[in-house]
Amino acid sequence: MSSNINRKAKWLNRTVLGIGLASLFSDMSHEVATALLPAFLATMGVAAAWLGVIEGVSDGLSSFTKMGSGYYTDKLQRRKPILVIGYLVTALGTASFALATQAWHILIGRSLAWFGRGVRSPVKKAILAASVTKETYGRAFGFERMMDTLGAIVGPISAFILIGALDHNYSILFALTLIPGLIAAGFIAFSVKEKERLPVKSMRFWERLKLLPTEFRKMHSMLILLAAQKLTPSLGVTGAASAAVGLYILHNVCYAGFAFIGGELADRMPKNLLLTVGYLMAAAMCVCIIVLPPSIATMALVFVLGGTNVAIEETLEDSLSAELVSEENHGMAFGTLATVNGVGDFASSIVVGALWSAFGTAWAFGYSAVLSVAGAMVILFLRPQRVAKD
């Protein structure tokens, strides 16, 4: 009994808990906005392609910011102030949706919010990795992903309750997202204890990038819209919108549940094999969308597969990256990983949105399935070599 408590205490410290709670409240904040965004854009008469542009541009900006932030903050002795600022910018950018009257206003607000996420993300992951041992990376990152996704469950539920209570007043709803956003910044400021570290010596960006191991360098609001469109003929516009939010909550419940399970498994088996399974599940989800007839049961299966594969992917990508790269270069590593993912997200969001609008869901999700299988093959043949322990 006592050994289990000591084992738990080795990784579940005040920094891991503080980062987890910050992730919960921050995700709750912007997931309220995410759950309402498709319906809000619909009131403006905006097409699916606009949603793809908003998501793609903001994700792309966030990802390039992550690489710059990782490179810059590795050279700082104290990175926590940057982390606090990132959370504050995200909170303000999300709350700015309350002032939007045109789709491009949302694009600016989302981009600002995701710029804040880009600044904070590699810093958060580097501080998290530094606060635990290499043997517990999976559990620490799995816990953070689980807490993040609990926020993604509470957020849509809050949106679902408040949208009726506030008579579909989107401005008030978006303004209220500022409250959990500020609470998240507070947890970072007052709970997280940054480990003392020596800054990385001054070095040009490309020289730092070349230092990352070769194996490391190899290394879904669209679903809401899909459910709403597929279920409208049988449930009507209002019923389909409510069902879509409910399915999104199911997606996030699966995400939260499997994030920690994935992290626990990651500390016990080859991480690249488990990550391959996650990518193949994403491909299976896309195939289900294409071949199965639209119904509540079909959409539930799609959202379960979606939530589970994202939980595995995000937890394993982070813990595998932490394992492949030395601790002093974690900021640069997490920033690079996010940028590579973000370039793909940017291109994919634009292409999927365009294919969906022009040719339908089969082409859009067929494209996604092919990319998922290709990613699985790359990771399957990865041969991770553990970084030597200090």
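Residues are numbered from 1 along each chain as its sequence is written, and side-chain values use heavy atoms, with hydrogens and water left out. Because the model is predicted, local features need pLDDT of at least 70 and side-chain atom pairs count only at pLDDT 80 or more, whereas totals for chains, interfaces and linings use all residues. Helices (H or I, at least four residues) and strands (E, at least two) are DSSP runs, numbered from the N terminus.

Helix H8 covers residues 178–191. Its 14 residues reach 20 Å from the first C-alpha to the last, close to the 20 Å expected at 1.5 Å a residue; the expected span is 1.5 Å times one less than the number of residues. Within H8, Pro-180, Gly-181, Ala-184, Ala-185, Ile-188 and Ser-191 are buried. Here buried means under 20% relative accessible area, exposed over 50%, and partly exposed in between, with a 1.4 Å probe and protein chains only. Viewed down the axis of H8, the buried residues fall within an arc of 165°, so they line one face of the helix; the arc is that of the directions from the helix axis to the C-beta atoms. An α-helix has 3.6 residues a turn, so residues three or four places apart point the same way. The face of H8 turned away from the buried side carries the exposed residues Ile-179 and Phe-190. Helix H2 (14–43), helix H4 (80–95) and helix H7 (170–176) are the elements against which the buried residues of H8 pack, where contact means heavy atoms within 4.5 Å.

Two packed helices are described by the angle between their axes and the distance between the axes. For H4 and H8, the axes come within 9 Å and cross at roughly 180°. Axes are lines fitted to C-alpha atoms, for helices over the stretch in contact, and angles run from 0 to 180 degrees between N-to-C directions. H4 and H8 are therefore roughly antiparallel to each other (angles under 35 degrees count as roughly parallel, over 145 as roughly antiparallel, 65 to 115 as roughly perpendicular and the rest as oblique). On the H4 side, the residues that meet H8 include Leu-83, Tyr-87, Ala-91 and Ala-95. Their partners in H8 include Gly-181, Ala-184, Ala-185 and Ile-188, and these four H8 residues are among those buried.

H2 also packs with helix H5 (residues 103–130), at an angle of about 160° and with the axes 12 Å apart. That makes H2 roughly antiparallel to H5. H2 passes H5 in a left-handed crossing, meaning that the near helix is turned anticlockwise from the far one by less than a right angle; clockwise would be right-handed. Among the H2 residues in this packing are Thr-15, Ile-19, His-30 and Leu-41, and those of H5 include Ala-103, Trp-114, Arg-117 and Leu-128.

Ala-33 is found in H2 and is buried, with a relative accessible area of 0%. Not counting residues up to four places away in sequence, Ala-33 touches Thr-94, Phe-97 and Phe-174. The C-alpha atoms of Ala-33 and Thr-94 are separated by 7.1 Å, although the two residues lie 61 residues apart along the chain. In H5, Trp-104 is partly exposed, with a relative accessible area of 48%. The C-alpha atom of Trp-104 is 9.1 Å from that of Trp-50, 54 residues away along the chain.

The 29 residues of H6 should span 42 Å at 1.5 Å a residue, and the end C-alpha atoms are 42 Å apart, which agrees. Just after H6, Asp-167 takes a positive phi of about 55°, although Asp-167 is not a glycine. This residue is exposed, with a relative accessible area of 64%. His-168, found in the loop between H6 and H7, likewise has a positive phi, near 55°, in a residue other than glycine. His-168 is partly exposed, at a relative accessible area of 47%.

Gly-335 has its place in helix H14 (residues 330–359) and is buried, with a relative accessible area of 0%. Leaving aside neighbours within four places in sequence, Gly-335 is in contact with Ser-63, Lys-66, Met-67 and Pro-122.
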